[in-house]
Protein chains: 2
Amino acid sequence: MSDKQITDFYRNALGIKTNEKEIYLRAVTHKSYNNSTNNERLEFLGDAVLDLIVSQQLFVKNKDASEGFLSIEKSKYVSRENLNRVAERILNKNVIKHKSSYLSKNMLGNTLESIIGAIYIDKGMQACEKFILKHILQFKTEGFLLKNLSRIINKIFYDKKTKVNRRS
Amino acid sequence: MSDKQITDFYRNALGIKTNEKEIYLRAVTHKSYNNSTNNERLEFLGDAVLDLIVSQQLFVKNKDASEGFLSIEKSKYVSRENLNRVAERILNKNVIKHKSSYLSKNMLGNTLESIIGAIYIDKGMQACEKFILKHILQFKTEGFLLKNLSRIINKIFYDKKTKVNRRS
């Protein structure tokens, strides 16, 4: 694919208007294509962004759940297996720049994390949240598209506290 | 310790002015003290917040480093061992509400993560960053206290790209 086709793919298939095209092109560049300028650092960042967004969404959604439940739920979404599956569904294999003889599932899943890293740098946390809600968490998004996350987490946290206090 | 003494500890020893006192009291409540209303959920959230903040700080600070290097560096900061060590240094054992016969190092380290979760809910990402920079990363903070993280990450990312392009 040409760079133009790749940015078209971002816009048309993923719903991402790419402000900073270079970051998004790097996000689909496997190290086999360019050993120094590739998507590995973006993957490192995207992994942590994904982890926090999934954690806080689960925290808010499951307001009476234990930490053990939340951890199990989280692993369903952020596991290598799930990310590979999502990437197979939403990415086009041709979008990935690589010189490997074979495009593995992990290369697809890792690219998904790199794309999250790119969105984070280009557009920030809220855009990542929107992307992750749509493609990975697939919750009903209304009500979870949080303009002020901490305020709403806070509200729910206190709703729970109040309820607990009423019980005791 | 009384609740008043605990919030005084937050303010005087950790530099945190506690807006929402209940969250901070919960952050130091071990499940042995209260099986239903304790710090485990906050620890779940704080762990992910810590992970992202450490990741993005390392990403920005080591702008030419490989993903492998960043991962190794990250593990030094977010490892159980390091968190326990930091918690032993900055927390007062008496601050933790528990009914366990013995306060383990892990109980201290986990409380540190819960406190980060509490700061995140009460004050948001930037306050967590400040806390983590001061107590866990201990970088020179000037220049890393980022008002607009993505803008600055972006700038550094592009500085690197430009340099790479010049080389090629």
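These are my notes, from the whole chain down to single residues.

**Ground rules**

This is a predicted model, so I kept in mind that local features need pLDDT of at least 70 and side-chain atom pairs count only at pLDDT 80 or more, while totals for chains, interfaces and linings use all residues. Residues are numbered from 1 along each chain as its sequence is written, chains are lettered from A and ligands are numbered from 1, in the order in which they are written.

**Chain A overall**

I began with the make-up of chain A and found 8 helices and 0 strands. Helices (H or I, at least four residues) and strands (E, at least two) are DSSP runs, numbered from the N terminus. Read from the N terminus, the elements go α-α-α-α-α-α-α-α.

Next I looked up burial. Of the 168 residues in chain A, 38% are buried. Here a residue is buried if 20 or more other C-beta atoms lie within 10 Å of its own, exposed if 12 or fewer, and partly exposed in between, with C-beta atoms placed from the backbone.

Then came contacts, where two residues count if their C-beta atoms, placed from the backbone, lie within 7 Å. Taking contacts in chain A between residues at least 6 apart in sequence, I noted that 61% join residues at least 24 apart.

**The two copies**

How does chain A superpose on chain B? A rotation of 180° with 0.0 Å of shift along its axis does it, at an RMSD of 0.0 Å. That is the relation of a two-fold axis. The same surface serves both copies, as 100% of the contact residues of chain A recur in chain B. The superposition is by least squares on the C-alpha atoms of residues with pLDDT of at least 70 in both copies.

I then went to the contact between the chains, which takes 30 residues from chain A and 30 residues from chain B. On the chain A side, α2 (21-27), α3 (40-61), α4 (67-78), α6 (105-123) and α8 (149-167) each supply at least two residues. By class, the chain A side has 13 nonpolar, 9 polar and 8 charged residues. For these classes, Ala, Val, Leu, Ile, Met, Phe, Trp, Tyr, Cys and Pro are nonpolar, Asp, Glu, Lys and Arg are charged, and the others, Gly among them, are polar.

**Helix against helix**

I followed α3(A) to its partners. The axes of α3(A) and α6(A) are 7 Å apart, and the two pack at about 80°. That makes α3(A) roughly perpendicular to α6(A). Axes are lines fitted to C-alpha atoms, for helices over the stretch in contact, and angles run from 0 to 180 degrees between N-to-C directions. Angles under 35 degrees count as roughly parallel, over 145 as roughly antiparallel, 65 to 115 as roughly perpendicular and the rest as oblique. Among the residues in this contact are A:Leu42, A:Gly46 and A:Leu50 of α3(A), and A:Ile116 and A:Tyr120 of α6(A). I noted 8 nonpolar, 4 polar and 3 charged residues in the contact of α3(A) with α6(A).

With α4(A), the axis of α3(A) comes within 10 Å and crosses at roughly 135°. α3(A) and α4(A) are therefore oblique to each other. The contact includes A:Leu50, A:Val54 and A:Leu58 of α3(A), and A:Leu70 and A:Tyr77 of α4(A). The class count for α3(A) with α4(A) is 7 nonpolar, 1 polar and 3 charged residues.

I also checked one pair in chain B: the axes of α5 (80-90) and α6 (105-123) come within 8 Å and cross at roughly 85°. That makes α5(B) roughly perpendicular to α6(B).

Is A:Lys76 buried or exposed? A:Lys76 sits in helix α4 of chain A and is exposed, with 11 other C-beta atoms within 10 Å.

A:Asn38 lies in the loop between α2 and α3 of chain A. A:Asn38 counts as buried, with 22 C-beta neighbours inside 10 Å. Not counting residues up to four places away in sequence, A:Asn38 touches A:Thr29, A:His30, A:Lys31 and A:Tyr33.

Last, I looked up B:Asn62, in the loop between α3 and α4 of chain B. B:Asn62 is partly exposed, with 13 other C-beta atoms within 10 Å. Leaving aside neighbours within four places in sequence, B:Asn62 is in contact with B:Phe69 and B:Leu70.
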